[in-house]
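Here is a short briefing on one protein model. Please keep the sequence and the structure in view while you read.

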Amino acid sequence: MSAQQPVLFFDLDGTLIDSSVGITRSIAYALETMRHPVPDPQALRGWIGPALRTSFQPLLGDEDKVEQAVALYLERYGREGWTEHSVYDGIAELLDGLRAAGYRMAVVTAKNENNARKILEHLPFGAHFEDIVGCTDDGRLTHKVELIGEALGRFGLTPAQCVMIGDRRMDIEGAAQHGMAGVGVLWGFGSEQELRQAGAQRIATAPAQLPALLAA
């Protein structure tokens, strides 16, 4: 890695993979099991990105119910939901190119870390990532700002040495809270307006645009 090359922290859902089917089906499973009405499909897409507890809280209110819902979600997701995803076009080529160019990379995701590791182990580019940082079962690490902090600690790096890449405002805001640069991507679940309002000054509309934005 040259002095100019940052370490790249990639979000997972909506950035590397389209995981909407597995996530929304697992949310629905949790709520149906608890005999709670399930939001419509478009509303559920908005759940992809934030921490699970953050999304369940306003719907269920009670902390014990939130923890029950998270456990039910993880039960189904760990069983089958983790397989219900597809890789975005151009991502494999992007990561191969970044790796060849000498970039160090990690995944920093609000997904449960065990499930994130399971997914990456089955993807052809999974070995490109030096580490995978995700949510803990006990909720100690939940929000993107905490996860980025954990990643910085594991790598022993300063925010100035890294760039966060993601599709939702939590990625950009979490990076900004550490004083870290963030790059937004538009093929996931967030809009350009959302990313701009979060402070993203660099936004890629396709994976092939990322290398130039990282060099900017």
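Which residue in β6 is the bridge partner of L8? The partner is V163. This is a predicted model.

- Strand β1 covers residues 7-10 and strand β6 covers residues 162-166. The two run parallel and are joined by four bridges.
- F9 also has a bridge partner in β6, namely M164.
- β1 pairs with β4 as well, in the parallel sense, over three bridges. On that side, the β4 partner of L8 is M105.
- Strands of a sheet pair through backbone hydrogen bonds, in either a parallel or an antiparallel way.

**The two faces of β1**

- In a regular strand, side chains alternate between the two faces of the sheet.
- V7 and F9 point one way from β1, while L8 and F10 point the other way. All four are buried.

**Nonpolar cores**

- The largest nonpolar core has 48 residues.
- Which residues have the most contacts inside this core? They are L8, F10, L16, F56, L120, F129 and I165.
- Helix α4 (residues 63-79) gives the most to this core, with six residues.
- A second core is separate and has 18 residues, including A110, F155, L157 and A175.

**Aromatic pairs**

- The structure has four aromatic pairs. Two of them are described here.
- F9 and F155 form a tilted pair, because their ring centres are 6.0 Å apart and their planes meet at 45 degrees.
- F9 lies in strand β1 and F155 in helix α7 (residues 144-155), so this pair ties together parts that are 146 residues apart in sequence.
- Both partners are buried: F9 has a relative accessible area of 0%, and F155 has 14% relative accessibility.
- W47 and F56 form an edge-to-face pair. Their centres are 5.0 Å apart, with 85 degrees between the planes.
- W47 is buried at a relative accessible area of 13%. F56 is buried too, at 0% relative accessibility. F56 is also among the residues with the most contacts in the largest core.
- A pair of aromatic rings is described by the distance of the centres and the angle of the planes.

**Cysteines**

- How many disulfides does a search of the whole structure find? The search finds zero.
- The cut-off for a disulfide is 2.5 Å between the sulfur atoms.
- C162 is likewise in no disulfide, with the sulfur of C135 as its nearest cysteine sulfur.
- C135 counts as buried because its relative accessibility is 10%, under the 20% limit.
- C162 counts as buried at 2% relative accessibility.
- A disulfide is a covalent bond between the sulfur atoms of two cysteines.

- K111 is in strand β4.
- Is K111 buried or exposed? At 7% relative accessibility, K111 counts as buried.
- Beyond its neighbours within four places in sequence, K111 is in contact with L12, D13, I23, Y77, A116, I119, G134 and C135.
- T83 is in the loop between α4 and β3 (86-87).
- T83 is partly exposed, because its relative accessible area is 45%, between the 20% and 50% limits.
- T83 and N115 are 32 residues apart along the chain. Their C-alpha atoms are separated by 9.9 Å.

Terms used. Residues are numbered from 1 along each chain as its sequence is written. This is a predicted model: local features need pLDDT of at least 70, side-chain atom pairs count only at pLDDT 80 or more; totals for chains, interfaces and linings use all residues. Side-chain values use heavy atoms; hydrogens and water are left out. Two strands pair if DSSP finds at least two bridges between them. A nonpolar core is a set of buried Ala, Val, Leu, Ile, Met, Phe, Trp, Tyr and Cys residues joined through side-chain atoms within 4.5 Å. Buried means under 20% relative accessible area, exposed over 50%, partly exposed in between (1.4 Å probe, protein chains only). Rings of Phe, Tyr and Trp (its six-membered ring) pair if their centres lie within 6.5 Å; planes under 30 degrees apart count as stacked, over 60 as edge-to-face and the rest as tilted. Contact means heavy atoms within 4.5 Å.
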